[in-house]
Amino acid sequence: MSAVPGTVEIRDTVAIVWVDNPPVNAISSLVREHLVRSICELESNPSIHAMVIACKGKTFMAGADITEFSKPYVVNRDADMIGTLHGCTKPVVAALHGTAFGGGFEVAMACDYRVATASARVGLPEVKLGLLPGGGGTQSLPRLIGVKDALRLMLSGDAIGAQEACKLGAIDRVVDGDLLDAAVEFARSKMNVGRRRVVDIRIEPSATHASLLQDARATAQKSKTGRHAPTQIVDCVQAAIELPFAEGRKVERERFLACRQHPESKALRHVFFAERRTRKIPDLTEDGLARSVKVAAVIGAGTMGGGIAMCLADASIPVHLLETSQETLYRGLAVIRKNYEATAAKGRLSRAQVEARMNLILPTVSYDDLADADFIIEAAFETLEIKKDIFQKLDKVAKSGAVLASNTSRLSIDSIGEATARPQDVVGTHFFSPANVMRLCEVVRGSTATSPSTLATSLELARRIGKVGVVSGNCYGFIGNRMLSGYTGQALSMVVEGALPEQVDGALRRFGMPMGPFQMSDLAGLDVGYRSRKGRTLTSREQRDYRLADKLVEMGRCGQKTGGGYYDYAEGTRTPSPSAIVSELIDDVAREHKVTRRVVSDEEIVERCIFALVNIGCEVLREEMAYRASDIDIVYLNGYGFPSYRGGPMFWAEQVIGLPTVLERVRNYHALTADPVFDASPLLIRLASETKGFDSLEVVSS
Ligand code: COA
């Protein structure tokens, strides 16, 4: 790529300003300068009568260069693209292909006309980064498509296809043939028509607009990606209604700068890059390591197996679904069909799509049928013996080079691999429930055996089925559940010490978790943990903290499914209400263990739960079970519902709280509780004393 990210091409009296800034033509300051300089030169060139803005590569400009938002803000009046386009006297046409997002769409809206390929998509996704469209988008879009649709698009951040954009009035023509030829022709046809500037459109203030703004403000308050940016967007749209374009832009600029500095945006920008960084694995730098996956197989048609089979079918991958008996197989298939039909009932799948997906799921009770599968995922009971037995069978029937994956949530991938003569092909693929909904898949690498090609194939498959794959080392509970044990452990401890389940859940919900740990247990069923505890020796602290859960299960209170668990549930409802029985049981447990209950503050609840996560996260990093702290954040955001506007537990600890403070609080909680979970991680101690951040540990360049 040349230093100037683009060129200018002249076709008679039409000039094409090309942008060429791979991979996504992000609008960097160099792109901005190139556009402004080229447009100004062409504006004063008398032989040019119209211009086209187009991009090389796979897409029109996909937005501002997000990496530049973390640098100090500098006003560069020579790089005001939007102002330059508005001030132009010659018609300008934007030629859109790929994803014209954010700043790219704003540039297009500052042009007089927009033509697009049928596959092009446009959108203003800034809200997903805690930002607002700061290049005139909040002022242009309502003028082009109306207040209602503009609010919908900007508050959701969702993109729309060219046809829909054309219907709404954001695109003038959808072209079938060559985009550039069509754009040049279009520009030629507008040479004598004069300008058609978005700045000249006026929106009439009305009662309808006032009510739309009011509704949008209420929606903004409920946004899952933070509340700051959505509220600012609504204010900017109000300015678009009430003020001339230039005045509205001033409001937009001021609000944009405030968003850029806001912790929510810093966190969401971290999440954007963190997600992309998960793919960077030290020994997977070579291209072509991933093996082709044409046919898959899933063993076990229970909740997890069925969900995983659906993910594969959704991605058009034929999948054998194996069960031990016809009866369990057909029960599993019936659940899958019911799930698809529920989606169809909501209008998100057609009848034909339901049938096509069901037809991709190939039921069987015979291992021999798995012989053509390239990727086999075992999702059977969480018992090492059962898993070993399955892998021995797979070793006999699977074709050479097939990946043999286990959906275990905590068992050793090394031990499972040893059951086969091909441990290099064995890997963990830990999906989260419900598997067809949750985006996370922990890809667990055996300590030494799993080959780079097996890992690459697993990560590629995860991506293909719409999951974010995060590589974890082989330790008990892997990244997510190992850390979760500290989080739930603290929740249980605090209940014995003085809190109530509803207080713990409430404090964590207010922190941003979608559900508290006790609501979560009631949903998952308390009997699951009860059974797994019976198979292992508990420490005396665990015996104390799990006493309540054990008593509840022994009373038949296994959660929502039995009408009671940590909460009571009125017949046929899923709404938890505080339980007097539970409250009494808690007092009994405290008495049994000679604990004098005390007031536990909401602050203590949040700190103990989240700092326990962070301290274990530091151990996960120190033992190199995760490649980087940001991978841990992605695990928590996508597998456990950690609020994205807080960036993940590690980001929150480092950027919001500060590691020295986290260390101090961890030590305080250790003094208070003597809980080993608060034995400060040596890594936390080192980073806090060296005032270094997690990025200083990065092993792979990002
Ligand atoms: N600024 C800087 N870098 C960007 C970028 C942006 N706006 N958009 C994408 N990139 C980078 C990614 O970090 C990635 O870099 P990497 O290869 O070093 O990891 C690379 O471009 C490719 O992006 P990726 O998301 O992996 O490709 P994709 O084909 O799956 O998706 C997009 C392409 C454009 C749809 C997607 O990247 C996207 O949604 N980008 C953000 C758009 C946006 O929010 N714009 C408004 C900005 S305010």
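This is a predicted model: local features need pLDDT of at least 70, side-chain atom pairs count only at pLDDT 80 or more; totals for chains, interfaces and linings use all residues.

User: How many residues surround the ligand, and which are the closest?

Analyst: 21 residues surround the ligand. The closest are Lys58, Ala62, Ala64, Ile66 and Arg276.

User: What is a nitrogen atom of the ligand 2.8 Å from?

Analyst: A polar backbone atom of alanine 64. A ligand nitrogen also lies 2.9 Å from a polar backbone atom of isoleucine 66. For alanine 62, the distance from a ligand nitrogen to a polar backbone atom is 3.1 Å. On its own, the ligand has 870 Å² of accessible area, and the protein covers 75% of that.

User: What classes of residue are in the shell around the ligand?

Analyst: The shell has 12 nonpolar, 6 charged and 3 polar residues.

User: Where does the largest share of the shell come from?

Analyst: From α11, with 3 residues. Both α11 (263–277) and β5 (99–101) supply at least two residues of the shell.

User: Switching topic. Which sheet is β5 in?

Analyst: An open sheet of 3 strands, in the order β5-β7-β8, with mixed pairing. β5 and β8 (160–161) are the edge strands, and each pairs on one side only.

User: In what sense do β5 and β7 pair, parallel or antiparallel?

Analyst: Parallel, over 3 bridges. β7 covers residues 121–123. Alanine 100 stands opposite valine 122 in β7.

User: And which helix lies across β5 and β7?

Analyst: Helix α3, residues 103–110. Helix α3 runs at about 85 degrees to β5.

Definitions and conventions:
Residues are numbered from 1 along each chain as its sequence is written. Side-chain values use heavy atoms; hydrogens and water are left out. A residue is near a molecule or strand if one of its heavy atoms lies within 4 Å of it. A polar contact is a pair of N or O atoms within 3.5 Å; within protein, one must be able to donate a hydrogen and the other to accept it, and residues adjacent in sequence count only if both atoms are side-chain atoms. Accessible areas come from the Shrake-Rupley method with a 1.4 Å probe; for residues, only the protein chains shown count as cover. Helices (H or I, at least four residues) and strands (E, at least two) are DSSP runs, numbered from the N terminus. Ala, Val, Leu, Ile, Met, Phe, Trp, Tyr, Cys and Pro count as nonpolar, Asp, Glu, Lys and Arg as charged, and the others, Gly among them, as polar. Two strands pair if DSSP finds at least two bridges between them. Contact means heavy atoms within 4.5 Å. Axes are lines fitted to C-alpha atoms, for helices over the stretch in contact, and angles run from 0 to 180 degrees between N-to-C directions.
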